[in-house]
Amino acid sequence: MERQGSFSLKSTGFLVFSLTIFSSIFFFTFFSIWLINSHPSIHQQTHLRFNRSFLNLSHFDFTTNFSSRSDADSFLKDTHVGNASSFPEFSIFEEIEEQDDEIETTEPEDSDDVVISNSTEVPESAPGLSSEEIVDVQSREEENRANLSEKIELVSSGGNEEKKIKTASLHSNDGRIEEKKMRQCDITKGSWVYDASYPLYNSCSFVDEGFNCAGNGRLDGDYMKWRWQPQDCEIPRFNATRMLDLIRGKRLVFVGDSINRNQWESMLCMLMGAIRDPKRVYETHGRRITKEKGNYCFKFVDYRCTVEYYVSHFLVHESKARIGHKRKQTLRIDAMDHGSSRWRGADILIFNTAHWWSHSKTKAGINYYQEGNQVHPQLDVSTAFRRALLTWASWVDKLINPRKTHVFFRNSAPSHFSGGQWNSGGHCREATWPLNDTSSMSYPEKNKIVEDIIAQMKTPVTLLNVTGLSAYRIDGHPSIYGKKPVDLRSSSIQDCSHWCLPGVPDTWNELLYFHLQSKQGNRFHIR
């Protein structure tokens with residue numbers, strides 16, 4: 001009986017103990033559910049918990065608030081996590097810097113601008129992110145990075161006062177921010193800086209006698225060592241390998257007068273710096289560069305590209321017409337140069353015309369300019385130049401595919417004759433240093449005509465504006481060193497129009513390289 005009573009007592013105690021435990025669990029569960037429903041912020045904060053064993057962060061800085069997980073996600077895409085002890089160089093997000101502790105509310109003007117609006121409080125810091133959350137946030141960040149603009153403006157209101165903050169610039173993958181800034185940088189404004197690392201090449205077999213000043217006996221070499229420095233940005237140093245990659249499988253074509261041939265020869269020499277075997281570059285017709293022949297096509301075998309030059313003094317057709325009893329030379333300002341069919345299909349086209357428009361015949365305009373069957377008894381050179389350029393522009397708009405071909409027009413390069421013109425005793429031999437000031441030089445009217453016509457064209461044309469920067473370089477002309485033997489007599493004809501190579505045309509090609517790089521979306525430094 002005593003054993004049976006003891007067993008009954010123990011069973012009753014165990015039952016009471018079990019009921020007590022069950023009641024406690026039930027009460028705790030009910031209380032937890034009530035607490036979570038009464039304080040939703042606790043539930044939200046659980047989404048932001050970090051795994052310290054995975055990533056130990058000393059702090060997690062927020063610049064605004066959010067009210068739900070979706071808001072948190074959109075915010076985290078544009079936030080920076082720093083000071084990871086386990087991964088010292090691990091950065092999840094782009095950094096946003098606060099300025100003046102304000103958030104500015106604006107409506108984005110284009111698709112690049114992003115506005116994020118949030119309104120609820122959030123803890124100032126949180127311990128860490130789990131690995132799954134980090135991967136998830138990173139993937140969302142990559143999907144939206146291309147939509148980030150140069151500036152992101154965040155909006156938040158707390159209490160009765162509106163807080164404003166303007167964030168620092170962010171970098172997008174496609175370089176649109178940098179390109180936008182480069183469009184604002186005028187690379188034609190700057191100065192010439194003496195740079196001992198120049199020239200970009202030394203001897204070059206492609207330089208013809210007229211531009212080979214050092215080969216013709218010019219001893220002062222400082223004219224080769226000047227680099228153009230824009231005042232608001234840095235332009236890249238010419239990289240021959242990169243340039244050849246840009247024109248791989250393409251046609252790079254120069255069309256114009258002998259000044260464009262000057263630039264074309266410069267480009268050939270600059271590109272040869274990346275060629276190990278010179279035999280892998282050849283003229284397709286076996287021609288040697290001289291002043292007598294006007295059409296050349298050099299093939300770079302390893303890059304499957306060609307660098308070509310076609311002479312066209314005026315871009316329009318040089319013709320003949322019967323005037324009275326004689327046939328005389330005329331300029332058909334309403335018809336393109338008959339060699340223009342060779343230019344079509346090029347991937348990069350660099351045009352110029354200016355040099356020959358200053359000759360006595362074109363300046364006088366007497367029985368020289370022709371339209372249709374009519375030869376004008378007299379026509380002003382500026383009017384004729386405009387009509388000729390309109391003919392060229394019409395040809396480009398009609399026959400050039402802008403999706404394939406990038407068109408450039410290089411404006412006039414100044415001459416530096418003193419004491420007369422090229423055929424009347426003009427000279428520049430004394431100049432061995434760039435000019436300090438060019439304010440006395442007026443901007444050529446022909447340049448203004450070119451700019452007006454380009455602005456009216458349907459086909460995009462990039463203007464290579466070399467007039468201002470070249471105006472300083474009185475020291476860069478061949479002068480008496482344009483041929484052998486050098487004639488030291490003061491009465492000898494000097495060349496103060498063309499340019500020594502290496503020399504100023506190398507800079508024109510660096511600007512061309514800059515524009516081609518910019519089109520590819522590369523980034524350059526803003527000063």
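## Basis

The model is predicted: local features need pLDDT of at least 70 and side-chain atom pairs count only at pLDDT 80 or more, while totals for chains, interfaces and linings use all residues. Residues are numbered from 1 along each chain as its sequence is written, and side-chain values use heavy atoms, leaving out hydrogens and water.

## Nonpolar cores

A nonpolar core is a set of buried (under 20% relative accessible area, 1.4 Å probe, protein chains only) Ala, Val, Leu, Ile, Met, Phe, Trp, Tyr and Cys residues joined through side-chain atoms within 4.5 Å. The largest has 54 residues, of which Met243, Phe300 and Val307 touch the most other members. Another core, of 35 residues, lies apart from it and includes Ile333, Leu379, Val450 and Met457.

## Cavity

On a 1 Å grid over the protein atoms alone, a cavity is a set of points where a 1.4 Å probe fits but cannot get out; lining residues have an atom within 4 Å of a point. Points are joined across faces, edges and corners, and volume is the space filled by probe spheres set on them.

The whole structure holds one cavity of 30 Å³ or more. The volume of the largest cavity is about 70 Å³, and its lining residues include Tyr198, Trp226, Arg473 and Glu510.

## Pro434

Pro434 counts as buried because its relative accessibility is 11%. Its contacts (heavy atoms within 4.5 Å) are Trp226, Tyr472, Arg473 and Asp475, not counting residues up to four places away in sequence. The C-alpha atoms of Pro434 and Trp192 are 8.1 Å apart, with the two residues 242 residues apart along the chain.

Notes: Buried means under 20% relative accessible area, exposed over 50%, partly exposed in between (1.4 Å probe, protein chains only). On a 1 Å grid over the protein atoms alone, a cavity is a set of points where a 1.4 Å probe fits but cannot get out, and a pocket is an open set with protein on both sides within 12 Å along at least five of seven lines; lining residues have an atom within 4 Å of a point.
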